[in-house]
Amino acid sequence: MLARRLILPAFLLLAALPAHADIVTASEAFRTGEYDLAYFEAGRELTADAYALRARALLAKAVCGEQEPPRSLIEQALGEADAALKLDPRHEEGRLQKAIALSLILRPMGVGEASRTGFGELSKSLAEGVLADDPANFYAHGFLAVWHVEVERRGGMIGAAIMGASMKSARRHYGEAVHLAPEDIGLRWQWARALAALDAKKYRHEIEEALTAAVGTVPATDLDRVMQARAAALLEAVSLKKPRDVERVALAML
């Protein structure tokens with residue numbers, strides 16, 4: 001089976017910013033896309049929230065780049081997420097940022113190599129754990145929606161059955177996510193990109209619907225604007241290119 005890339009739910013990087021006074025500057029820097037500054041300012045505080053914010057800043061920097069992010073940057077973010085979880089094993093954002101980091105590590109791997117790491121199962125478990133504690137966490141729902149689509153794409157019907165993945169579960173999580181956060185650009189973008197990478201012809205209507213919603217929403221952060229621009233580019237590709245070409249475009253996008 002050919003190696004295929006993992007699609008990362010980047011909207012999770014927009015998780016609610018911590019409210020502690022000591023990291024307000026870091027939170028604002030993240031909102032405006034100054035990720036190095038956000039990382040530095042969050043380092044002034046040794047709390048689970050601060051470590052999770054540092055992980056989020058590193059991952060946002062990785063996702064906003066045009067090239068495949070370096071493994072060292074992702075592992076650094078994973079270390080920050082683990083530091084948050086060492087202080088608070090049930091820290092919601094720490095678990096979500098760890099799931100994202102694991103997904104990015106899997107991205108360039110082939111199916112066999114990815115399966116041997118166990119990271120796919122662990123990332124799912126982390127997100128499901130968040131939902132067990134907070135059923136209204138739409139970022140976790142969004143992550144799981146894309147996780148189910150990705151397993152279907154990478155492993156086919158047999159792989160999906162082994163991993164317990166299904167399009168029914170994907171749609172259930174996506175529906176709940178957009179019900180909870182109808183104005184979130186990242187949710188729409190990541191869902192559309194995952195479907196486009198899976199089967200651009202079969203899911204064209206759903207892809208166009210999600211991308212149109214993403215393009216038509218007012219961005220709240222710099223990361224929103226990046227995701228919106230990518231949604232616009234993919235929407236144009238859907239309208240102009242053959243389905244197989246759309247799939248290749250979607251796979252190449254972060």
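## Basis of the description

Helices (H or I, at least four residues) and strands (E, at least two) are DSSP runs, numbered from the N terminus. By this assignment, L102 lies in helix 5, which spans residues 92-106.

The model is predicted: local features need pLDDT of at least 70 and side-chain atom pairs count only at pLDDT 80 or more, while totals for chains, interfaces and linings use all residues. Residues are numbered from 1 along each chain as its sequence is written, and side-chain values use heavy atoms, with hydrogens and water left out.

## Helix 5 and helix 7

Two packed helices are described by the angle between their axes and the distance between the axes. Here, axes are lines fitted to C-alpha atoms, for helices over the stretch in contact, and angles run from 0 to 180 degrees between N-to-C directions. The axes of helix 5 and helix 7 (residues 119-133) cross at roughly 160° and come within 9 Å. The crossing of helix 5 and helix 7 is left-handed, meaning that the near helix is turned anticlockwise from the far one by less than a right angle; clockwise would be right-handed.

On the helix 5 side, the contact is made by E92, R95, L96, K98, A99, L102, S103, I105 and L106. Helix 7 contributes F119, G120, L122, S123, L126, G129, V130 and D133. Contact means heavy atoms within 4.5 Å. By class, the residues of the contact of helix 5 with helix 7 are 9 nonpolar, 4 polar and 4 charged; Ala, Val, Leu, Ile, Met, Phe, Trp, Tyr, Cys and Pro count as nonpolar, Asp, Glu, Lys and Arg as charged, and the others, Gly among them, as polar.

L102 is buried, with a relative accessible area of 2%. Buried denotes under 20% relative accessible area, exposed over 50%, and partly exposed the range in between (1.4 Å probe, protein chains only). Leaving aside neighbours within four places in sequence, L102 is in contact with L78, F119, L122, S123 and L126. The C-alpha atoms of L102 and E34 are separated by 23 Å, with the two residues 68 apart along the chain.

Y35, D36, A38, Y39 and A42 in helix 2 meet A50, L53, R54, A57, L58, A60, K61 and C64 in helix 3. This contact of helix 2 with helix 3 comprises 10 nonpolar, no polar and 3 charged residues.

The loop between helix 1 and helix 2 contains G33, which is partly exposed at a relative accessible area of 23%. G33 and C64 are 31 residues apart along the chain, and their C-alpha atoms are separated by 9.2 Å. T47 is placed in the loop between helix 2 and helix 3 and counts as partly exposed, at 26% relative accessibility. T47 and H205 are 158 residues apart in sequence and 44 Å apart in space, C-alpha to C-alpha.

## M167 in helix 9

M167 belongs to helix 9 (residues 167-180) and is buried, with a relative accessible area of 11%. Apart from neighbours within four places in sequence, M167 is in contact with V149, L195, L198 and Y203. The C-alpha atoms of M167 and E152 are separated by 7.7 Å, at 15 residues apart along the chain.

The axes of helix 10 (residues 185-199) and helix 11 (residues 204-215) come within 8 Å and cross at roughly 155°. Helix 10 and helix 11 are therefore roughly antiparallel, with a left-handed crossing. In helix 10, I185, R188, W189, W191, A192, L195, A196 and D199 meet E206, I207, A210, L211, A213 and A214 of helix 11. The residues of this contact divide into 11 nonpolar, no polar and 3 charged.

Helix 12 (residues 222-240) has 19 residues and reaches 28 Å from its first C-alpha to its last, close to the expected 27 Å; the expected span is 1.5 Å times one less than the number of residues. Its buried residues are L223, D224, V226, M227, Q228, R230, A231, L234, A237 and V238.

Definitions and conventions: Angles under 35 degrees count as roughly parallel, over 145 as roughly antiparallel, 65 to 115 as roughly perpendicular and the rest as oblique.
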